Amino acid sequence: MDDSLHRLSLENANDATTARSVPVTLSVRAHQEGSDAGGFVSRGIDDPAMPTEGPLVDRYSRVHDDLRISVTDRCNLRCVYCMPLEGMTFMARSELLTFEEIERVAGVAHRLGVTSIRLTGGEPLVRKGLTDLVARLSALGFEDLALTTNAMQLAALAAPLVSAGLKRVNISCDSLRADRYESIRRRGDLATVLEAMDVAERVGLSPIKVNVVLIRGSNDDEILDFAAFARETGRIVRFIEFMPLDAQGEWDRDQLVPGREVFEKIDAQWPLEPVANLQGPAPAEQFRFVDGVGRIGLISSVSQPFCGTCNRLRLTADGAIRNCLFSDDETTIRDIIRAGGTDSDIELQFRRAVWAKFPGHAINEPQFLRPARSMSMIGG
Ligand code: SAM
């Protein structure tokens, strides 16, 4: 483990519903001020100001109603900005949450006011039986149930997923040129992705969102091609800034293509206007083409962080709550469940994770240290 982390074992002393103690682990970056305001965590107790009822609110009044669930850290592709071509080690099957465990955690989250679930990974469609999980989650009654996928297996699964209750899909596609697609993603092919988009639309998953990670000198000459694609297809193309979450640790600020630059390039060709977000906080700033059909989104996590309105939590494939992509704070749920914890114990873990959240991700601060776990392990 990173030397800058210290791992604390706490007793679940404050949970009146259980007499026995259950494991609670929080890993905290020792150097990051504010991660343990008041020193409550280091003293092994909960901050008395932490709410014990109502929605999942943090110390900065942000309400958390969006949960990203990573169902696996495995992937069938090896995107250059995410995983090395060889040498990845993956979690053992026994480390992953089972579908029953995920369903239980999601049920608690639903009761705590989470309205939106996104399944991700790794590549979620490589986890066998994902349709069954979608059906279980759908039965819990979330307003939104979505999937982020590279779409390699989507054409075959789209119809069963929709029948099981899937409402929306985000498809990753970093190039519209077949040879370049293959050089960025290193496995898989563009034709399969484009076919999957057509199938997804036919079974009712419109409008599709298309995720494009832009990397300077690699695919940034396709900004206008992707804008034209958005105009022609009605698919919402979202340009994502390259984040320091690659497993290789090779991220470099010079490779970043700022959202502002993307906006200016497209706006000069086809004027854009902002779209008001009526569904609450979203990472993507959305714009529509003034002259008609089509939208784009900009996810400028590095150059223009949107932490002030962050409403997101992540559940890693091995069952830890992660309160920010860019922090190392993780609060185990799996160990609680496997030690026989109650739903109240799980709720307390959610509240602890939310209460420990930083005001912002600090990527642009000199003391920023990239998280120990990469995007595919956390669940992008
Ligand atoms: N395998 C699925 C996929 O390809 O969409 C879901 C998981 S993937 C980690 C989720 C999203 O994160 C994808 O859109 C991917 O392009 C993006 N991503 C992965 N690593 C990234 C990085 N270092 N910076 C920015 N986006 C990244």
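Visitor: What makes β7, helix α6 and β8 a right-handed β-α-β unit?
Guide: In this predicted model, helix α6 (residues 223-233) belongs to one unit with β7 and β8, and the unit is right-handed. The term applies because, with the strands pointing away from the viewer, the path from the first strand over the helix to the second runs clockwise.

Visitor: How do you know that β7 and β8 pair?
Guide: Pairing requires at least two bridges between two strands. β7 and β8 share 6 bridges, in the parallel sense, and therefore they count as paired. Within this pair, Val212 stands opposite Phe239 in β8.

Visitor: What makes β8 and β11 a pair?
Guide: They are joined by 4 bridges, again in the parallel sense, where at least two are needed. Phe239 stands opposite Leu298 in β11.

Visitor: Why is β8 described as largely enclosed by the rest of the structure?
Guide: A residue is buried if its relative accessible area is under 20%. In β8, 6 of the 6 residues are buried, so the strand is largely enclosed by the rest of the structure. Both faces are covered: Ile236, Arg238 and Ile240 are buried on one side, and Val237, Phe239 and Glu241 are buried on the other.

Visitor: What can be said of strand β3, and why is it called largely enclosed?
Guide: Strand β3 (residues 66-70) has 5 of its 5 residues buried, so the rest of the structure largely encloses it. On one side lie Asp66, Arg68 and Ser70, on the other Leu67 and Ile69, and all are buried.

Visitor: How do you know which strands pair with β3?
Guide: The test is once more at least two bridges. Strand β4 (residues 116-120) runs parallel to β3 and is joined to it by 5 bridges. Strand β12 (residues 312-315) pairs with β3 in the parallel sense over 4 bridges. Asp66 takes part in each pairing: its bridge partner in β4 is Ser116, and it stands opposite Arg312 in β12. Helix α1 (residues 99-111) makes a right-handed β-α-β unit with β3 and β4.

Visitor: Why is Thr149 called buried?
Guide: Its relative accessible area is 1%, whereas the limit for buried is under 20%; therefore Thr149 is buried. Thr149 is placed in strand β5. A backbone N or O atom of Thr149 lies 3.5 Å from an oxygen atom of the ligand, and the side chains of Thr149 and Glu123 are joined by a polar contact of 2.7 Å.

Visitor: Why is Thr309 called partly exposed?
Guide: Partly exposed covers values between the buried limit, under 20%, and the exposed limit, over 50%. Thr309 has a relative accessible area of 45%, so it is partly exposed. Thr309 is found in the loop between β11 and β12.

Visitor: What makes the phi values of Ala151 and Arg186 worth a remark?
Guide: Phi of Ala151 is near 75 degrees, positive in a residue other than glycine. Arg186, which is not a glycine either, has a positive phi of about 65 degrees. Ala151, in the loop between β5 and α3, is buried at 0% relative accessibility. Arg186, in the loop between α4 and α5, is partly exposed at 30%.

Definitions and conventions: Residues are numbered from 1 along each chain as its sequence is written. This is a predicted model: local features need pLDDT of at least 70, side-chain atom pairs count only at pLDDT 80 or more; totals for chains, interfaces and linings use all residues. Side-chain values use heavy atoms; hydrogens and water are left out. A polar contact is a pair of N or O atoms within 3.5 Å; within protein, one must be able to donate a hydrogen and the other to accept it, and residues adjacent in sequence count only if both atoms are side-chain atoms. Buried means under 20% relative accessible area, exposed over 50%, partly exposed in between (1.4 Å probe, protein chains only). Helices (H or I, at least four residues) and strands (E, at least two) are DSSP runs, numbered from the N terminus.
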